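User: I have a two-chain model open and want to go through it with you. Can we take it piece by piece?

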Amino acid sequence: MPRKLLTGNGAAAWGARLAEADYVPAFPITPQTEIIETLAKWIGKKEMAARMVNMDSEHSMITAAGSAAATGVRVFTATSSQGLLYGLEMLYTVAGWRAPFVLVNVSRGLAAPITMEPDHNDILAARDCGFLQIHCATCQEVVDSVLMAYRMAEHTDVRLPVIVNLDGFYLSFTREPVDLPDADKVREFLPAFDPHETKFRAGEPVSQAVAVLGGGPYSYFRYETHLAALKSLDVYKEVEDDFADLFGRRHGVLESYRAEDAEIVFVMMGSFATKAKEAVDRLRDSGEAIGLVRPRLLRPFPAEDLRQILCGKKGVAVIDQNLSVGMGGILYSEISAALYGRKDAPPIITSFIGGLGGRDIKPEEFYEMITTTKLAIFNKMTPPPRLLYTAQELREIRKLQGIAHVEKEDKANVKAEETKP
Amino acid sequence: MNEAHIERMKDLPSTHLLGAGTALCAGCGGLEMLKEAYDILGENTIFVNAAGCMTLMSIYPFTPFRGSWLYTSIASAPAGAQGVRDALDVLKQSGRMSEEEDLQVVVLTGDGAASGIGLSSTSGAIDRDLDFIYLCYDNEGYGNTGQQTSPETPHGARTATDAVAAGFPGSKKDLFAVWAANRPAYVATVIGSEALDLARKIEKAKELEGPRMIISLAPCPTGWGYDPKETVEIGRLAVKTGIWPLKEYVDGKIRHTINPGSRRPVEDYLSRQRRYAHLFEPERNEKVLAEIQQGVDDYWAAVDAEES
């Protein structure tokens, strides 16, 4: 197929179409809605054979997605932000069912305050639920990752649902040229879903998701799910090779950009990493040995792959587009846990919070992060997590607060006038 | 069960599908209903369950069911049924599954899931005209957690969370009316103690397509406070006092299948249960007793006016 200009949402829909998903339970939410609208249009025009059903909530949507996968069809669904959290109970539940399907999450900051633009607190709230997670930075990656996600999810050693994540607005609504995989080649890469004996049919009674009594059986099934997720790392590498063989593109468990000979490496996820790449190039131009690592898989966590790149570095600067309130960056904890106590672990890992609610991260801020990290290396002292915010932004919010206060004072004055005797 | 329609008690199945020895309480009115209903539904049934008493029917690695089972969550069993039904239809339509392999999809929940926390997913299933049967065992409270107030708790009943002097001040939600207002294929109320009426309604529901709701009053020895051996008697009194009307909605019309005629006073039903003891001791609460009787009298006056 030729290259097409597609938004991230369009690419996600193409992923579902090329995977020949049988079933799409849906519920609208910005900025994901374009995905389900695109699928609805194709289904209406009979360009896609799937059945789509409009559910009453994301909680119901994820339940139906899980139960349909447990019955033995290929399922695709999508949501964002509040929707992912509204369905959070079911994310844990259907992962426990070991129901394999693909959910695209279009990241968006969480309320309150309610907003539209992206950060990763939504997807990271689903970090521990048992879904595997692939994080994309380009529209090409979105369509390819959806296909790879099905292979991973449906593998008999894995059987877990997968979330493919893309950033709202920055990727969901950005058009990029996308090389659409050829449909016949996709069938070769991703044969029809075979549920084996885990399905519901008359004459073959099966009980799924039954209760257990006591910690023994409970722990067994939880550990089994964890081991399957760990196993999926090997499965991913198989899938990555097969994909590269068939389509000539390779999407690893992480993207390493000019990191090999770097002294200090940025680590960040998602589409904002393209901003970091630009900063890396500028820093390299001025003679600084800087690189970037962008984990694509968050679950399973590619700890060994990260160690291979990051051990031996002088410093690592982790940029979290999320905020664990009262602690700091979530990715920072994960990276630190992967490196601590390992041979040649970087002595300094600095933490930066940025890009919340779509807030831009400017080139100067990347340079400042490197300066801070170099200073920390020199002082042998890790600084506290830094919340990125400029003096200009502070002046702007002060203006908004000024307006809010004037309104409040005006109302108070009016009320005082009215209540005068 | 043979092909003939159920007309008399002797037409009821004499062998039973549901296995014994579950973790449910002795004298459970919900289990009584389920046992009777399952014989009619047959083993080619998948139960999609919400959190509640019945979740303890299937504890790994045991199950009393001859057919399939899927536990979902407290709020989303009808959505689980949607996914199963749609998947089976997709498989049939694409030739990946035969008609013989098809299943009757049955949601099995308590009243808290049916009328409260799960009402959104139920409402969605009705809107989408989902082809399923919903079996609700209504024990008028969150029974599995110790009988806290649910949307189905009746006026004046004491619960673990309405332990006040006069009991629950609100009134029982009319789940039958909620369903019937949305014109589904079938809605019926049943009770295990009226086995023939129950069997006929399950049989009728099974023959229809679309959203079908069976609401069973489920006398609950532990939650309501009576001896387990009295479950059948309490159920009969619920019908004879007119507190639990047995009726069905089909083709846009509501019909009462058993009219108690000269009704026993509600006190005959209430006084047998500890949840109403505060209405009789240390002194009679004439106000609440009269309110409950009045509610029943008004209901049947409206029925008689409508059906005469």
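User: Fine. What kind of model is this?

Analyst: This is a predicted model, and local features are taken up where pLDDT is at least 70.

User: Start with chain B. How many helices and strands are there in chain B?

Analyst: Chain B has 10 helices and 8 strands. Its radius of gyration is 19 Å, close to the 19 Å that the globule rule gives for 308 residues, so chain B is as compact as a globular protein of that length.

User: And what does the C-alpha trace of chain B span along its principal axes?

Analyst: About 70 × 45 × 40 Å.

User: What percentage of the residues in chain B is buried?

Analyst: Buried residues account for 51% of the 308 in chain B. As for contacts in chain B between residues at least 6 apart in sequence, 67% of them join residues at least 24 apart.

User: Which residues of S1(B) point which way?

Analyst: Thr45(B), Phe47(B) and Asn49(B) point one way, while Ile46(B) and Val48(B) point the other way. Side chains in a regular strand alternate between the two faces of the sheet. Both sets in S1(B) are buried.

User: Which strand does S1(B) pair with over 5 bridges?

Analyst: That is S3(B), residues 104–110, and the pairing is parallel. Within S3(B), Val105(B) is the bridge partner of Ile46(B). S1(B) also pairs in the parallel sense with S2(B), residues 68–71, over 4 bridges. There, Phe47(B) has Trp69(B) as its bridge partner.

User: How many residues does the contact take from each chain?

Analyst: It takes 38 residues from chain B and 37 residues from chain A. On the chain B side, S2, H2 and H4 (119–127) each supply at least two residues. H2(B) gives the most to that side, with 10 residues. The chain B side divides into 16 nonpolar, 16 polar and 6 charged residues.

User: Tell me about H2(B), then. Is it mostly covered or mostly uncovered?

Analyst: Mostly covered, with 14 of its 17 residues buried. H2(B) runs over residues 77–93 and reaches 24 Å from its first C-alpha to its last, close to the 24 Å expected at 1.5 Å a residue. After H2(B) comes Gly95(B), which has a positive phi near 70°.

User: Switching to chain A. Into which domains is chain A divided?

Analyst: Domain 1 of chain A is 3–247 and domain 2 of chain A is 255–387. Their centres, taken over C-alpha atoms, are separated by 28 Å. In the contact between them, 24 residues of domain 1 of chain A meet 21 residues of domain 2 of chain A.

User: Which elements give two or more residues to the domain 1 side?

Analyst: In chain A, these are helix H6 (121–125), strand S6 (132–135) and helix H9 (215–247). The largest share of that side, 5 residues, comes from H9(A). The domain 1 side divides into 13 nonpolar, 7 polar and 4 charged residues.

User: What about Arg98(A) and its phi?

Analyst: Arg98(A) is not a glycine, yet its phi is positive, about 60°. Arg98(A) sits in the loop between H5 (88–97) and S5 of chain A.

User: Is Arg98(A) buried or exposed?

Analyst: Arg98(A) counts as buried, with 22 C-beta neighbours inside 10 Å. Arg183(B) has a positive phi as well, near 50°, but Arg183(B) is partly exposed, with 14 other C-beta atoms within 10 Å. Arg183(B) is in the loop between H5 (175–180) and S5 (186–191) of chain B.

Definitions and conventions: Residues numbered from 1 in each chain as written. Chains lettered and ligands numbered in written order. Predicted model: local features only at pLDDT ≥ 70, side-chain atom pairs only at ≥ 80, totals over all residues. Buried ≥ 20, exposed ≤ 12 C-beta atoms within 10 Å, placed from the backbone. Pairing = 2+ DSSP bridges. Domains from an automatic or database assignment. Contact = placed C-beta atoms within 7 Å. Nonpolar A, V, L, I, M, F, W, Y, C, P; charged D, E, K, R; others polar. Expected span 1.5 Å × (residues − 1). Rg over C-alpha atoms; globule rule 2.2 N^0.38 Å.
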